[in-house]
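Here is a briefing for a first look. Please open the sequence and the model side by side.

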Amino acid sequence: MTERRLKPHMSRSKRNQRIVEYIFGVILAIGVLAPVLWMFLTSIMYPKDLTAKPLSLIPSSVTFSRYAEVFSSTSASDSGYIFRAAMKNSLIIAVFVTLLSLVIGTLAAYAFARLRFRGRGVLMLLILFTYMLPPAALVIPLYRIYNSLGLLDKKWPMVILYLSFIIPFIIWVMQGFFGSISKSYEEAAQIDGATRFQTLLYIFFPIARPGAIATGILAFLMSWDEFFYSLIFTTQNAKTIPVAIAEFNGKFTIDYGMISVAGILGSLIPVLITLIFQKYIVMGMTAGGVKE
Amino acid sequence: MKLQKSEGRYAAALISPALIVVFGIIVAPILATLVYSVVNNNMLSSQYGQFMGLHFYIKALTSGDFWPDLGRTLYYTIFSTVIETFGGLLIALLLNEKFPGVKFLRGIIIIPWAIPTVVNGSLWKLIFNGEYGVLNAILTKLHLFATYQSWLGDPKTAMNVVIAADAWKMTPLAVIFFLAALQGFDRATYEAAMVDGASVFRRFFSLTLPNLKPTILIIVVMRTVEKFKAFDIFYLMTRGGPADATKTLMYDTYLEAFTNLNYSDAATYAYLIALIVALLTLLYVNIMKRGDEE
């Protein structure tokens with residue numbers, strides 16, 4: 001009796017719930033995708049359509065000439081050329097930062113997660129604070145030091161600068177990962193007579209690889225996104241994408257189309273990496289914050 | 001005893017490369033900044049080079065822009081953190097359900113987070129543009145506004161526009177944290193509660209929310225630290241304007257240092273910010289520790 005009354009009731013509430021879920025799902029999809037699509041549309045619209053009033057959301061014709069300009073421009077004063085150079089700088093800096101910080105950070109994270117030594121707790125706290133430290137507390141003397149040593153606007157000094165906050169980040173996230181890995185394999189290897197360093201290299205690292213991939217991707221994205229130091233320390237030769245984009249935005253005659261091209265191309269690498277390695281990234285992000 | 005000593009040496013060998021690189025870069029500048037905050041380093045000051053004691057700290061705390069800056073920083077920090085945490089929780093609850101298309105939504109939700117901060121700023125500047133912006137076009141077409149609004153040019157709306165832009169990019173981070181936490185929950189408890197006839201709301205408030213408490217705390221503290229230090233999005237969207245409406249502590253520090261060349265005032269601000277960040281970091285660590293014990 002009750003069962004017969006309950007069933008249609010439950011299915012109706014289930015159906016209602018489904019409808020609500022769909023409505024919010026569609027709103028969410030539009031909210032996430034529409035701004036990105038608009039930026040893409042802006043990047044291929046003709047200037048006269050962009051400044052038209054009333055603005056038409058669906059342009060009658062589009063052009064990919066700005067993208068062509070980025071890849072073909074040979075004049076050093078063109079936005080396209082500047083942007084292409086900045087893209088190359090960002091890529092070089094991010095790759096070196098990722099590789100170096102992974103090697104240096106992983107070793108330290110292993111020690112923090114596995115070994116007992118004096119001052120471990122204090123050092124870990126210092127490392128975390130270094131990561132949290134506002135760059136403003138360093139930037140003025142750093143600028144003067146870099147300036148007097150002739151290190152401004154060069155790529156490798158930027159790599160070293162980025163290492164100063166990305167290594168602490170890697171140590172913090174990785175020691176969380178490493179702490180959750182079982183010690184039994186390492187113990188077995190040591191009983192079998194492996195040295196500590198052999199154990200680290202041949203037993204521990206292979207197990208820890210997913211964590212290293214996750215952290216490495218986050219390090220790459222952090223480096224790609226960095227703006228403050230790059231704004232202050234670079235002018236031309238080592239200028240990265242975020243600074244180039246900020247410059248396009250600051251010009252008197254703002255070229256919305258070119259800004260959008262820069263935005264789309266500047267996002268392409270981080271967005272593709274994120275979508276491809278989504279699982280790793282989620283793992284890395286939550287390991288840094290939530291310890292299990 | 002001997003083993004422990006050699007373990008200490010092994011640890012030192014593994015850690016020292018990191019310490020040399022990190023502290024090699026930051027120790028001298030952080031001390032120099034401290035010196036700047038007590039010895040006059042304002043490039044255009046007649047007292048350049050003089051020891052000033054706590055002068056710059058007293059100046060910052062009693063006059064000038066510090067408190068209004070802090071007020072704007074707190075407004076930005078609190079509102080964007082609340083929006084992102086609350087919005088992130090709602091979206092995560094939706095994405096935790098099973099309905100056709102949810103996998104697609106879970107896949108795309110991370111896109112805004114992946115877009116570089118500067119691109120995000122320029123994207124929303126484009127949308128909110130007072131003259132040609134698409135938002136104005138839509139709002140007037142829908143007859144919600146009769147005329148185009150200068151969203152970023154109006155001191156009353158500029159900060160909220162920045163908050164909206166930031167929320168679009170960073171809410172997905174909260175979603176990811178909440179989703180990870182929700183998916184770790186024990187399904188059996190929920191099913192038992194459902195069989196017992198507990199309503200959706202009842203289940204949420206007596207089961208989900210208490211379970212999410214550690215995640216909420218971590219998101220709030222972590223995001224608060226980041227918001228407090230936010231610079232990029234302000235540089236890109238408003239440069240502290242209009243009429244100082246979006247001038248935060250970090251932005252003012254930048255202006256003092258690199259526009260006014262008042263290195264001492266900037267250093268003092270930087271130390272005050274670092275102090276607040278240090279306190280928040282300690283809070284964060286304590287929350288993590290408590291989470292571990294639970």
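The points below go topic by topic.

This is a predicted model, in which local features need pLDDT of at least 70 and side-chain atom pairs count only at pLDDT 80 or more, while totals for chains, interfaces and linings use all residues. Residues are numbered from 1 along each chain as its sequence is written, and chains are lettered from A and ligands numbered from 1 in the order in which they are written.

**Chain A with chain B**
- Chain B gives 78 residues to the contact and chain A gives 74. Two residues are in contact if their C-beta atoms, placed from the backbone, lie within 7 Å.
- On the side of chain B that touches chain A, the largest share is 19 residues from helix α1 (residues 2–38) of chain B. Helices are DSSP runs of H or I with at least four residues, numbered from the N terminus.
- That side of chain B has 60 nonpolar, eleven polar and seven charged residues. Ala, Val, Leu, Ile, Met, Phe, Trp, Tyr, Cys and Pro count as nonpolar, Asp, Glu, Lys and Arg as charged, and the others, Gly among them, as polar.

**Domains of chain A**
- Chain A is split into domain 1 (2–50) and domain 2 (76–289). The bounds come from an automatic or database domain assignment.
- The C-alpha centres of the two domains lie 36 Å apart.
- Their contact takes seven residues from domain 1 and six residues from domain 2.
- α1(A) supplies four residues, the largest share of the domain 1 side.
- By class, that domain 1 side has five nonpolar, two polar and no charged residues.

**A helix pair in chain A**
- Helix α4 (residues 79–114) and helix α11 (residues 241–250) of chain A have axes that come within 8 Å and cross at roughly 155°. Axes are lines fitted to C-alpha atoms over the stretch in contact, with angles from 0 to 180 degrees between N-to-C directions.
- α4(A) and α11(A) are therefore roughly antiparallel, a label for angles over 145 degrees.
- Residues in this contact include A:F83 and A:M87 of α4(A) and A:V243 and A:F248 of α11(A).
- The contact has eight nonpolar, two polar and no charged residues.

**An exposed residue in chain B**
- B:F104 is found in helix α4 (residues 102–108) of chain B.
- B:F104 counts as exposed because it has 11 C-beta neighbours inside 10 Å; the cut-off for exposed is 12 or fewer.

Notes: Helix = DSSP H or I, 4+ residues; strand = E, 2+ residues; numbered from the N terminus. Parallel < 35°, antiparallel > 145°, perpendicular 65-115°, else oblique. Buried ≥ 20, exposed ≤ 12 C-beta atoms within 10 Å, placed from the backbone.
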